[in-house]
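This report describes a protein fold through its helix packing and its backbone geometry.

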Amino acid sequence: LSRYFLNSSVAQDSSKDSASIAAKMRGAAGPGMIVWGLTMTFCAFDLLMSLDKIWFSTMFGVYFLASCVLSINSFLPLAAMWLQKRGVLTKSVTTEHYHDLGKMMFAFTVFWAYIGFSQFMLLWYANIPEETAWFKLRFNGGWCSGWGLHSAVLLFGHFVIPFFGLISRHIKRRKRTLAFWAVWQLVMVYLDMYWLVMPYADSSGPPFGLIDLCCVVGVLGIFIAGAAMRAKNLNLMPTNDPRLPKSLAFENL
């Protein structure tokens with residue numbers, strides 16, 4: 001999907017019929033969202049939920065998907081700010097665009113918490129041992145140590161604190177404050193993924209070590225290098241897209 005939309009957008013720059021290309025992309029977007037949702041759901045099942053051969057949750061795919069959307073909406077403003085510091089997109093990406101991305105960050109911060117609470121509530125009131133054992137493992141040590149402390153950090157650090165941090169319009173319209181919360185939420189998403197996986201490696205508490213930091217640096221480095229190499233010889237503005245003027249001129253109410 002990403003290759004299709006990227007190649008179609010690049011083709012628009014030299015096409016005499018850019019409107020038809022835009023129409024085809026718009027037509028693929030709806031079904032593409034369904035395909036993306038299904039593939040990410042099964043990705044979450046196969047790579048994460050399968051770590052526990054007994055536990056299951058019908059909410060787990062959406063929980064993982066919420067983190068994916070929050071991550072990209074936290075990464076995009078950082079990428080735009082980095083490009084603008086190097087003289088790229090200085091006039092096209094405005095305060096209004098940062099404000100929109102901040103609203104998406106806020107929306108999916110709340111959505112993540114909503115799905116997380118819904119999953120917890122469904123397992124709590126059913127009170128089935130093979131389901132509640134998943135949370136029992138992650139509450140190990142109480143709220144002051146071990147995985148229980150990690151759970152408390154996620155509750156307050158992933159939802160409560162950024163909820164109040166991102167709710168203001170002024171926060172979302174200032175680069176420094178928006179960048180702070182973008183980095184904050186990316187760190188919280190990482191801690192969330194760690195919380196999903198690592199209790200199976202050490203049930204007593206987070207076994208965080210140098211290897212974890214190296215994995216983050218390595219994977220993030222490969223991702224950024226791959227994106228930078230792909231964008232190296234491309235025009236970052238879809239100059240021939242018929243919807244571009246409207247997207248550059250919009251204002252938040």
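**Overall fold**

The model is predicted. The protein contains ten helices and zero strands, and its pattern along the sequence reads α-α-α-α-α-α-α-α-α-α. Along the principal axes, the C-alpha trace of the protein extends about 60 × 40 × 35 Å. Of the 253 residues in the protein, 34% are buried. The accessible surface of the protein amounts to about 15,000 Å², and carbon and sulfur atoms contribute 71% of that surface. Among the contacts in the protein with a separation of 6 or more, 71% link residues 24 or more positions apart.

Two packed helices are described by the angle between their axes and the distance between the axes. The table gives these values for two pairs.

| Helix pair | Angle between axes | Distance between axes |
|---|---|---|
| α2 (residues 18–47) and α3 (residues 60–85) | about 110 degrees | 8 Å |
| α4 and α5 | about 125 degrees | 9 Å |

At about 110 degrees, α2 packs against α3, and this angle makes α2 roughly perpendicular to α3, because angles of 65 to 115 degrees are classed in that way. The crossing of these helices, α2 and α3, is right-handed. On the α2 side, the contact is formed by W36, G37, M40, T41, C43, A44 and F45; on the α3 side, it is formed by F60, G61, F64, L65, C68 and V69. By class, the residues of the contact of α2 with α3 comprise ten nonpolar, three polar and no charged.

How are α4 and α5 oriented to each other? With an angle of about 125 degrees between them, α4 and α5 are therefore oblique to each other. Helix α4 passes α5 in a left-handed crossing. The residues in contact are Q119, F120, L123 and A126 of α4 together with E131, T132, W134 and F135 of α5. The contact of α4 with α5 divides into five nonpolar, two polar and one charged residues.

L89 is not a glycine, yet its phi is positive, at about 60 degrees. This residue, L89, is placed in the loop between α3 and α4 (95–126). Is L89 buried or exposed? The relative accessible area of L89 is 18%, so L89 counts as buried, the limit being under 20%.

N127, also a residue other than glycine, has a positive phi near 55 degrees. The loop between α4 and α5 (129–138) holds N127. The relative accessibility of N127 is 56%, and N127 therefore counts as exposed, the threshold for that class being over 50%.

**L210 in relation to N127**

L210 belongs to helix α9 (residues 210–231). Its relative accessibility is 63%, so L210 counts as exposed. Along the chain, L210 and N127 are 83 residues apart. How far apart are the C-alpha atoms of L210 and N127? Their separation in the model is 38 Å.

How values were computed: Residues numbered from 1 in each chain as written. Predicted model: local features only at pLDDT ≥ 70, side-chain atom pairs only at ≥ 80, totals over all residues. Heavy atoms only, no water. Axes fitted to C-alpha atoms, helices over the stretch in contact; angles between N-to-C directions. Helix = DSSP H or I, 4+ residues; strand = E, 2+ residues; numbered from the N terminus. Parallel < 35°, antiparallel > 145°, perpendicular 65-115°, else oblique. Left-handed = near helix turned anticlockwise from the far one by under 90°. Contact = heavy atoms within 4.5 Å. Nonpolar A, V, L, I, M, F, W, Y, C, P; charged D, E, K, R; others polar. Buried < 20%, exposed > 50% of the residue type's maximum accessible area, 1.4 Å probe, protein only. Areas by Shrake-Rupley, 256 points an atom, 1.4 Å probe, with all protein chains shown as cover.
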